[in-house]
Amino acid sequence: MEKWTGPKPLCSPELFKKIFFRAAQEYCARNDLDFEVDSGNKNFLGHFCRYWNRDPAFELLKNISLRKGLYVFGSYGTGKTSSFRIIRNMSEQYGLRALWFPIISAQEVVDRYNTEKKKDDVIEYYSKGTFLFDDLGSETVGNNVYQYGKEDIFVRILLNRYRNFETRRTKTHITTNLDFSQIEHRYGRQISDRLVRMFNRLKLDGASRRK
């Protein structure tokens, strides 16, 4: 993957972290969550902030690129989804369109697929544009009794998004409790091989931060 030659950082790394941490404290206070920088999340938050600030220092790590999306995995309740929501709140608060993206749970995608008559339209819709698919791997299989029967619809969605990543640089973000080996077990080798090219893997582990 070639190095980033896109837009410059939004601001200095120190300022971005300061704004992010203030937004995190506000978000956690509203949602009855604990926010604390500790040994469990310090490295993750540093990389996470560098990524969203478009800081070239993010790419000093091996197999990391600002052109890729984020694949954030780890234990239950560690703040994976909250981290993305904080970034989107910053986008709305400061009018930063570069930080905005839709967030939808993987199960919501399946639920929409199950209720819509035009199944392929749902697949096409979620195959385009930037998305955060939350809690991938926890969703049920889709139900298309008229054509496929039961199917893991994210196999098709992710394959489509890989093609769009290769041709259009479309970014995908994911939160999940599954590592790549577990993703391969669920969705197959064809998907796991492509995820390596599409994503920067960031692990956020530790104790649950939910009160």
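How exposed is Asp-205, in terms of relative accessible area? Asp-205 is partly exposed, with a relative accessible area of 25%, where buried means under 20% relative accessible area, exposed means over 50%, and partly exposed lies in between (1.4 Å probe, protein chains only). The model is predicted, and for that reason local features need pLDDT of at least 70 and side-chain atom pairs count only at pLDDT 80 or more, while totals for chains, interfaces and linings use all residues. Residues are numbered from 1 along each chain as its sequence is written, and side-chain values use heavy atoms, with hydrogens and water left out.

**Helices α7 and α8**

- Helices (H or I, at least four residues) and strands (E, at least two) are DSSP runs, numbered from the N terminus.
- In α7 (180-187), the residues Phe-180, Ile-183 and Tyr-187 are buried, and they cover an arc of only 55 degrees around the axis, which puts them on the same side of α7; the arc is that of the directions from the helix axis to the C-beta atoms.
- Ser-181 and His-185, on the other side of α7, are exposed.
- The buried residues of α7 pack against β1, β3, α6, α8 and β7, with contact meaning heavy atoms within 4.5 Å.
- Gly-188 follows α7 and has a positive phi, near 105 degrees.
- In helix α8, which spans residues 189-198, the buried residues are Ile-191, Ser-192, Leu-195 and Met-198, and seen down the axis of α8 they fall within an arc of 120 degrees, so they line one face of the helix.
- Packing partners of the buried residues of α8 are β1 (69-73), α6 (153-168), β6 (172-176), α7 and β7 (199-203).
- The axes of α7 and α8 come within 7 Å and cross at roughly 145 degrees, the axes being lines fitted to C-alpha atoms, for helices over the stretch in contact, with angles that run from 0 to 180 degrees between N-to-C directions.
- On the α7 side of this contact are Phe-180, Ile-183, Glu-184 and Tyr-187, which meet Arg-189, Ile-191, Ser-192, Leu-195 and Val-196 in α8.
- By class, the contact of α7 with α8 has six nonpolar, one polar and two charged residues, where Ala, Val, Leu, Ile, Met, Phe, Trp, Tyr, Cys and Pro count as nonpolar, Asp, Glu, Lys and Arg as charged, and the others, Gly among them, as polar.

**Salt bridges**

- A search of the whole structure finds eight salt bridges, each defined as a side-chain nitrogen of Lys or Arg within 4 Å of a carboxyl oxygen of Asp or Glu.
- Glu-139 and Arg-186 meet through their side chains in a salt bridge (3.6 Å, N to O); Glu-139 lies in the loop between β3 (131-136) and β4 (142-144) and Arg-186 in helix α7, so the pair ties together parts that are 47 residues apart in sequence.
- Of these two partners, Glu-139 counts as buried at 4% relative accessibility, whereas Arg-186 is partly exposed, with a relative accessible area of 25%.
- Arg-189 forms a salt bridge with Asp-193, in which the closest N and O atoms are 2.8 Å apart, and the two residues, four apart in helix α8, are separated by about one helical turn.
- Arg-189 counts as exposed at 53% relative accessibility, and Asp-193 as partly exposed at 38%.
- A salt bridge (3.4 Å, N to O) also joins the side chains of Asp-205 and Lys-203.
- Elsewhere, salt bridges that share partners join Asp-120, Glu-151 and Arg-156 into one network.

**Aromatic pairs**

- The structure holds 20 aromatic pairs, for which rings of Phe, Tyr and Trp (its six-membered ring) must have centres within 6.5 Å, planes under 30 degrees apart counting as stacked, over 60 as edge-to-face and the rest as tilted.
- The rings of Phe-48 and Trp-52 have their centres 6.1 Å apart and their planes at 70 degrees, so the pair is edge-to-face; both residues lie in helix α2 (residues 42-52), and both are buried.
- The rings of Trp-52 and Phe-101 have their centres 5.3 Å apart and their planes at 20 degrees, so the pair is stacked.
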